[in-house]
Amino acid sequence: MVHVITQACCSDASCVSVCPVNCIHPTPGEPGFGGSDILHIDPDTCIDCGACADACPVNAIFPIDRLGIDDLPYAQINADFYTDNPHIKSGWDAVEYRPAVTVGPEFQIAVVGTGPSAGYAVRELVARTDAHITVIDRLPTPGGLVRAGVAPDHPGTKGVLAGFDLMYRHPRVTVATNVAVGTDVTPAELDAHFDAVIYGVGASQARALGIPGEDLPGSTAATELVAWYNAVPGVERPFPDAPARSRRAVIVGTGNVALDVARILLSPIERLATTDIADRALEYLARQNVHEVVLLGRRSSAEAAFTAAEFRALQAIEGLDIVVAEGVDGDGNPRVPAFPTPADPDRRRIVFLYQSSPVAALGTDAVDAVRVRTAGVDHDIPADLLVRSIGYRSVPIEGLEFDDAAGRFPNRAGRLTGPDGAAQPGRYVVGWAKRGPSGGIGTNRIDAEETVRSLLEDVSAGRLTGGRGLGSDTFVTLVGGRVGDVVDYRGLRWIDRTEVARGAPQGRPRVKFERVSDMLASTRRGRRR
Ligand code: NAP
């Protein structure tokens, strides 16, 4: 009975390295790896050992006879990959041995961030060094974009956090969250306390479209909207409580984030009510009036950025019509579908409109339409909400070099570079902050391995020595004096347990706290017990 990889695959390739017959592709290094679509098991080579299922951090691999109803098509999808890519061969022909480098217990290393890239970096450091590792995050809760970005209706994907949690409770790891680097503590202070610092701070800022009306109420960034429905503290609902008008939202961009937002806006409320979506969003979406989402792709459908797995997730929503409209017909003439006002309230519909870009957000007090150029022709689409989902930028940190044009931290193979372009020994970067906002969760595993390899090479070459930093205890005392509550591993567990307990009576995985003060109150209650 062969195994099959399903929608929740995070492509971190943990399965690839444990497969005894190398039958999972694409592997890191093969074309196609690093996009966020799934990996595939070769049914002709799989020996049904189950090692891949055990290693999968998101529980995405099942024996073919135990596939759930939604996952049944994946048996064919896995097999088709090998028919479509006959050059890919299963079976082992090479084993890579890593050089041994000694990084002893005198090394103090800080990892800033608790998202996937930081989590994988901690895992790699725990596995490959004897260093002490201090994990820092600005929020009390760990997870970065897994908590703040992954859609609430994709719970399997969040399973990756369980693996990182095992690392945070490791005896060589100190957790110090609720500490913001750049405001509560400076990079120079981190340099003084740690022999090396790895910044895995992600990319949480939206890119702007630069069109008139972009700042009107009702126009927002996917980053804000996603943070709002995922209960990120301090994020208000990024659009007004609009009266029922057009019942339509326009989303710019056709990446996976755009599809996530569209799915959440159009999902029946009963579907969302079983997830860990923020209570504030659940309450609002229960009375919201969006019946149609129009996604604007500036290129053709063949060039859309979303992955097939995410498109299939849309198809799984009951009662949702999916319309794909190329902006030009077969003769190359513009073709603009009609968008009546309001959208049909008895239906839920998603329209992919290609060869189309927004020209302006229209309205006086708030957005009431979006002017769109489709294959050179301008037309207005009535809409209550305009969401730009065109990518992310990192937020600069004072005291660290920043590439403003690229929106990320300049680096070479994960070594942060200074104004002269030279690597700054002891400062490293990982994940979206390093390479920009591309790739799914699993891409960060390979990325983190590269950054940690650079750190080990620096130790090996004598560019980095241990025992210089003041250390973790001194650091926690310093920041404790500034922020009051530094949250340790026990604190993380208390927040987690409390959220899970809040969700249990409603049959939800958890009910997330929406305020930092509530998270901290939970850790204090935990300390008193
Ligand atoms: P993305 O995949 O890079 O998509 C960005 C979209 O914005 C593209 O359609 C792009 O069009 C469009 N765009 C960019 N600039 C534009 C402009 N000035 N005007 C109009 N359109 C513009 O980014 P994302 O959706 O933010 O996702 C970020 C990463 O996270 C991706 O790698 C994604 O796969 C991953 N992710 C994965 C999942 C999942 O696996 N479930 C979920 C969420 C995110 P062009 O293609 O024409 O440039």
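## Basis

Residues are numbered from 1 along each chain as its sequence is written, and side-chain values use heavy atoms, with hydrogens and water left out. In this predicted model, local features need pLDDT of at least 70 and side-chain atom pairs count only at pLDDT 80 or more, while totals for chains, interfaces and linings use all residues.

## Domains

The protein is split into domain 1 (3–84), domain 2 (108–204 + 393–487) and domain 3 (208–388), with bounds taken from an automatic or database domain assignment. Between the C-alpha centres of domain 2 and domain 3 the distance is 34 Å. Domain 2 gives 11 residues to the contact and domain 3 gives 16 residues, contact meaning heavy atoms within 4.5 Å.

## Interface of domain 2 and domain 3

About 1,000 Å² is buried between domain 2 and domain 3, with 54% of it on carbon and sulfur atoms. Buried area is the accessible area (1.4 Å probe) that two parts lose on being put together, summed over both. On the domain 2 side, Pro152, Asp153 and His154 lose the most area to domain 3, together 49% of what that side buries.

Three salt bridges are counted between the two domains; each is a side-chain nitrogen of Lys or Arg within 4 Å of a carboxyl oxygen of Asp or Glu. Asp153 forms a salt bridge with Arg271, and their closest N and O atoms are 2.9 Å apart.

## Cavities

The model holds four cavities of 30 Å³ or more. A cavity is a set of points on a 1 Å grid, over the protein atoms alone, where a 1.4 Å probe fits but cannot get out; lining residues have an atom within 4 Å of a point. Grid points are joined across faces, edges and corners, and a volume is the space filled by probe spheres set on the points.

Conventions: On a 1 Å grid over the protein atoms alone, a cavity is a set of points where a 1.4 Å probe fits but cannot get out, and a pocket is an open set with protein on both sides within 12 Å along at least five of seven lines; lining residues have an atom within 4 Å of a point.
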